[in-house]
Amino acid sequence: MINRLEELAHKLLSYIDSEHEIYLYPHTSIDGDALGSTLAMLVALRKAGVKARFLYDEVIPGKYDYMEGLALIEPYPDRIDSCITRQSLALLIDCSEPSRTGRRQQLLEKAPQIAVADHHISEGHSGYLRFIDPGAAAAGEIVYDLIVLMEKITGRDLMDQQISVMLMTAIISDTGRFTFSNTTQRTFEIAAALMPYGVAIRDIVYQLFDLSSKGRLRLSGHVFSTAEFYLQGKIALALVSQSVMDVCEAQDSDLDGLAAQLRNIEGVEVSFLLRELNNGTIRVNIRSGTGFDAAKFAKSMSGGGHARAAGTTLSNISIQDAGHLMVEKAGEWLF
Ligand SMILES: [Mn+2]
């Protein structure tokens, strides 16, 4: 009996020494898992003798610069005619919806066949060769298994130091350095198998999690010193106006994680981090504990997300009024 993953591995390897090309598609707003998994797949396929390509059309955040192989990523071209002709298979990695690929969707949907290697639960499209394992902590775990299968099928060594760093990046990113509830025994087994190739865990974690900036430090100082608490400390609220962003010389990415830190304060059930955007709208980041469904709350305000992390956007309202509105609405939900 051949399973789905083996079927996918055989499919990918059927292009060895062929003129046909496989195009890899991670999701937009690329993260460590999507980037690490896709690069690892790209390098392993090329080592196996398959023509694989990774076209991308957004700036890759600088914190990933330590990964060798970034130079293999090609800019998504304005004219895609020649790519359409050469693309025999499209492989979605860390996503399964064509709409998650942004502008690249145009090229993706021209592929004669579409395959998926993902760990998010989804509805699915008929005709796709899909391998989806929601039990995998990262797409990187699936790509690891694929590469091991490809080694078995071809009888060649494909795994190396470079690929191990990419896969470890994927796993460390999506498990919050092995601390999120998605971390399993299998996660550690794969991480253990990657270590002998020479993976500097400390360097990866430093780049992904610890490396900070003056802007982020100043912004954290502002958020933590001005946060307000309501309903006996069950609701935390922080407002970040554009002028604060300017004074702190902070970037949007400097806000990452601050809402979660507010939520982690003892007694807080839901935290709101409001950011005033240049176009006059207010972006609301919501983080919650188990007693508050942030996804449902956000949905009631035309937003969306997960149960513990969600968000929405408000327009035609001042940041102060938006803050009051959140506190009032959340108060109704908590009682
Ligand atoms: Mn992922």
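This is a predicted model: local features need pLDDT of at least 70, side-chain atom pairs count only at pLDDT 80 or more; totals for chains, interfaces and linings use all residues.
Q: Where is Thr 290 found?
A: Helices (H or I, at least four residues) and strands (E, at least two) are DSSP runs here, numbered from the N terminus. On that basis, Thr 290 is found in the loop between β10 (282-288) and α12 (294-300).

Q: How far from Thr 290 is Ser 181, C-alpha to C-alpha?
A: In sequence, Thr 290 and Ser 181 are 109 residues apart. In space, their C-alpha atoms are separated by 13 Å.

Q: What distance separates the C-alpha centres of domain 1 and domain 2?
A: The bounds come from an automatic or database domain assignment, which gives domain 1 as 4-210 and domain 2 as 214-334. Between the C-alpha centres of domain 1 and domain 2 there are 33 Å.

Q: How far apart are the end C-alpha atoms of α6?
A: Helix α6 covers residues 161-174, which is 14 residues. The expected span is 1.5 Å times one less than the number of residues, so α6 should span 20 Å. The model agrees, with the end C-alpha atoms of α6 separated by 20 Å.

Q: How many of the 14 residues of α6 are buried?
A: The buried residues of α6 include Ile 163, Met 166, Leu 167 and Asp 174. Their cover includes α2 (32-47), α5 (139-154), α7 (185-194) and α8 (201-210). Helix α6 is largely enclosed by the rest of the structure, because the number of its residues that are buried is 12.

Q: At what angle do α2 and α5 pack?
A: Two packed helices are described by the angle between their axes and the distance between the axes. Axes are lines fitted to C-alpha atoms, for helices over the stretch in contact, with angles from 0 to 180 degrees between N-to-C directions. The axes of α2 and α5 are 9 Å apart, and the two helices are therefore roughly parallel (an angle under 35 degrees). The angle between α2 and α5 is about 10°.

Q: How many nonpolar residues are in the contact of α2 with α5?
A: Contact means C-beta atoms, placed from the backbone, within 7 Å; among the residues making it are Ala 40 and Met 41 of α2 and Val 143 and Ile 147 of α5. Ala, Val, Leu, Ile, Met, Phe, Trp, Tyr, Cys and Pro count as nonpolar, Asp, Glu, Lys and Arg as charged, and the others, Gly among them, as polar. The contact of α2 with α5 has 3 polar and 1 charged residues, and its nonpolar residues number 8.

Methods: Residues are numbered from 1 along each chain as its sequence is written. A residue is buried if 20 or more other C-beta atoms lie within 10 Å of its own, exposed if 12 or fewer, and partly exposed in between; C-beta atoms are placed from the backbone. Two residues are in contact if their C-beta atoms, placed from the backbone, lie within 7 Å. Angles under 35 degrees count as roughly parallel, over 145 as roughly antiparallel, 65 to 115 as roughly perpendicular and the rest as oblique.
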